[in-house]
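Q: I have a new structure open. Can you walk me through how to read it?

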Amino acid sequence: MTTTGRFTLPSESNFAEKTKELAELWGADAIRNSDGTHLDDAVLALGKKIYSAYFPTRAHNEWITLHMDETPQVYLLTQRVLAETDTVTIDLMATFFAEQLTPNYDADPARYWEVIDRTTGAVVDPANWTVDAASNTVTVNGATPMHEYTASFLAYIIWDPVEMYNHLTNDWGDKEHEIPFDIYHPATRKFVFDTFEQWLKDNPQTDVVRFTTFFYQFTLLFDPKHREKIVDWFGCSCTVSPAALDDFEKRYGYRLRPEDFVDEGCYNSAWRVPRKAQRDWIDFLSGFVRENVKTLADMSHKAGKEAMMFLGDQWIGTEPYKDGFGDLGLDAVVGSIGDGTTTRMIADIPGVKYTEGRFLPYFFPDTFYEGNDPSIEAWDNWRKARRAILRSPIARMGYGGYLSLAAKFPKFVDAVEHIADEFRDIHDRTNGEAATGELNVAILNSWGKMRSWMAYTVAHALPNKQTYSYYGILESLSGMRVNVRFVSFDDVIERGVDDDVDVIITGGPVDTAYSGGDVWAKDPKLAETLRAWVRGGGALVGVGEPSSQWHQGRFFQLADVFGVDEERYQTLSVDKYFPPVTPDHFITADVHVDPAAREAWEAAGYRIPLSGCGGGQGKAPLGGIDFGEQIPNTYPVSEDVTLLRADGGQVQLAVNEYGKGRGVYVSGLPYSAANARLLERILFYASRNEDRYATYSSTNPECEVARFPETGWYCVINNTDRPQSTDVALPDGASEHFDLDASAIAWRRI
């Protein structure tokens, strides 16, 4: 039976009848226009809440074409060019897309650009290089032969990156390119506010202004072949201007270099250990952006409309978990639901009245084409999101794109009908409350709270080969029966560990923001504080290369806590001895062990098993666990360590008693049901809460349980597209059996 509410439907021009039909079928109480479309009068007359997408800094070429020096700018780093003589010429645009970017010759290159000898790192005096605007080149004189040189230069962004992406994806052909503009310039800022004020008058039917987003695009740059060249969802590269750089110098007392933005070609990725210049620019930019966001929100409210921010596109400078976000006066945040992690990223945002998720698939032709079945992605997306929604609910759901495409796929239409009804049913049964968390878990990294649920990410919800072994931990936690917070190394140094924290998880590759880099060598208080906390009864879980930094003859600075260190080819002359592997343990109790493998393993005297199914790439030989990308040459620091899994000479999983507390090391955990179950057991074991584990636990890792004491319900969800059976342990020692259809959810009274 179709229910109504909590659902936002995308619509478009000349599609009123079908919009009405699908709005009724999916129970939509709100309708929004999609990018590049408008709502017909017949749609506006349906009596639904109307969302209107609004782009503050694009879609007004009539203004910006007269002020092309007021588009956003970005520092770009050229390719490295080898000097074969004492003169070398660098082509500025050789690796960039000329329809998107063009060098800024208006601001003095000698003041705002930089040429660097990349072999030595020395900055070349501007007197020794010249710029040729006609050929877009820089020529260096007095170069050292066989040294490589780069130029860092300011470029105007002359095609809005998101509109450009949509243009290329949807093959919009001769459609005029939308040019973005930068409100840091007073004239353009006035234009933006004046235009918005008029728009509010011209759109009385709008109930919610859906800002998509505000002023500065995350880093999204393309190469001459129209391919994505640099994508960083956290990137602040596309935010600079000579005026902003000069104002920054006045406020902070030092001048930023181009190198502070191009960062040796790393472009200040969120994976980089953040430096002072990067943090100061984020603070400077956020202050400016938030002041002007507040103005737009106030204008919306004055006109009787809600102000909603889309967490995507031009979101840079808003940082929803940065202190003070709630002061902006925004009513809501909506974001794209890619998985459980991105669901929590949206759902946990403080300081707004409600949050909304835009589910996948997006109604674009790259998914909705003849022969494809978009319902498969819809169900997969819902299963991932549902785990997280039970732990931290979003108030509303919806989809995006072009409804005329989706309407052609009846199976997809049916899937959305079921998903929307189930979403509303969850809210009705739980009153929008979160399920009970049994433990308090803190994720420790350089960014802390400011980047909650944003760790281990490069592009939104798209983990890659180097990140999936870590990102899977967040995905597991997003739907786990624990409460999650994010803390920084600075938090621990300055204030210690919060009294209510049961477990801390930290780790990542060496020299990244997630493992901490040189913070471990610079301030001994970090290691002192964590050691004391664990010895007093705390629990510390290290992943990958936790606390890694070569210092005083050790690589993992908390190797004594984890019981594991990594050989960095400095102590090869010192022998390492592995204790016998313990096959049966609380942590691995749910891992399937093939009897034949166990027999062979036992016959080998519990020695370290050779890789049986991972090809040496870190996958466990004894069933179920995928440790992801291999961390080579890890070893136990003593034979007192309890070794649970090892592969070909490196530790994959180990536990270590440390005073009254425990340390656990795991080499990596991509997301899977088995790995999520393993992590859950790690958390309960490390915090010495094994006795609390069984109650309301599912015997089948593919199914999970969420408990809502305030409303008297608990539910069991099937996270697969296949039927599953499971038993759930109850507080009185009894259990209840469940047979669940594919993707099903079952409710029971507590």
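**Reading the chain, step by step**

A: Start with the secondary structure. The protein chain has 20 helices and 35 strands. Keep in mind that this is a predicted model.

Q: How does the radius of gyration of the protein chain compare with the globule rule?

A: The radius of gyration is 27 Å, close to the 27 Å that the rule gives for 750 residues, so the chain is as compact as a globular protein of that length. Along the principal axes, the C-alpha atoms fill a box of roughly 80 × 75 × 50 Å.

Q: What share of the residues in the protein chain is buried?

A: Buried residues make up 61% of the 750. Buried here means under 20% relative accessible area. Then look at the surface. The chain exposes about 28500 Å². Carbon and sulfur atoms supply 48% of that area.

Q: What about contacts between residues 24 or more positions apart?

A: Take the contacts with a separation of 6 or more. Residues 24 or more positions apart account for 72% of them.

Q: How many positive and negative side chains does the protein chain have?

A: There are 71 positive and 110 negative side chains. The centres of the two sets lie 4 Å apart.

Q: Now a single helix. How do I read one?

A: Start with the geometry. An α-helix has 3.6 residues a turn, so residues three or four places apart point the same way. Now take helix α7, residues 242–252. Its buried residues are Pro242, Ala244, Leu245, Asp246 and Phe248.

Q: Which elements do the buried residues of α7 pack against?

A: They pack against two strands, β4 (73–77) and β12 (148–157). They also pack against helices α4 (109–112), α8 (259–262) and α9 (276–302).

Q: What follows α7?

A: Glycine 253 does, and its phi is positive, near 80 degrees.

Q: And a single residue? Is isoleucine 473 buried or exposed?

A: First find its place: isoleucine 473 is in helix α14, residues 468–478. Then check its cover. Isoleucine 473 is buried, because its relative accessible area is 3%, and buried means under 20%.

Q: Which residues is isoleucine 473 in contact with, leaving aside neighbours within four places in sequence?

A: Ile505, Val543, Leu669 and Leu679. Isoleucine 473 and tyrosine 685 are 212 residues apart in sequence and 16 Å apart, C-alpha to C-alpha.

Q: Which residues does the UniProt annotation "domain: Lacto-N-biose phosphorylase C-terminal" cover?

A: In the unreviewed UniProt entry, that annotation covers residues 696–747. The span is 0% helix and 52% strand. Its end C-alpha atoms lie 13 Å apart.

How values were computed
Residues numbered from 1 in each chain as written. Predicted model: local features only at pLDDT ≥ 70, side-chain atom pairs only at ≥ 80, totals over all residues. Heavy atoms only, no water. Helix = DSSP H or I, 4+ residues; strand = E, 2+ residues; numbered from the N terminus. Rg over C-alpha atoms; globule rule 2.2 N^0.38 Å. Buried < 20%, exposed > 50% of the residue type's maximum accessible area, 1.4 Å probe, protein only. Contact = heavy atoms within 4.5 Å. Areas by Shrake-Rupley, 256 points an atom, 1.4 Å probe, with all protein chains shown as cover. Lys, Arg positive; Asp, Glu negative; His and termini not counted. Charge placed at Lys NZ, Arg CZ, Asp CG, Glu CD. UniProt positions renumbered as here; feature names shortened; annotations may be inferred.
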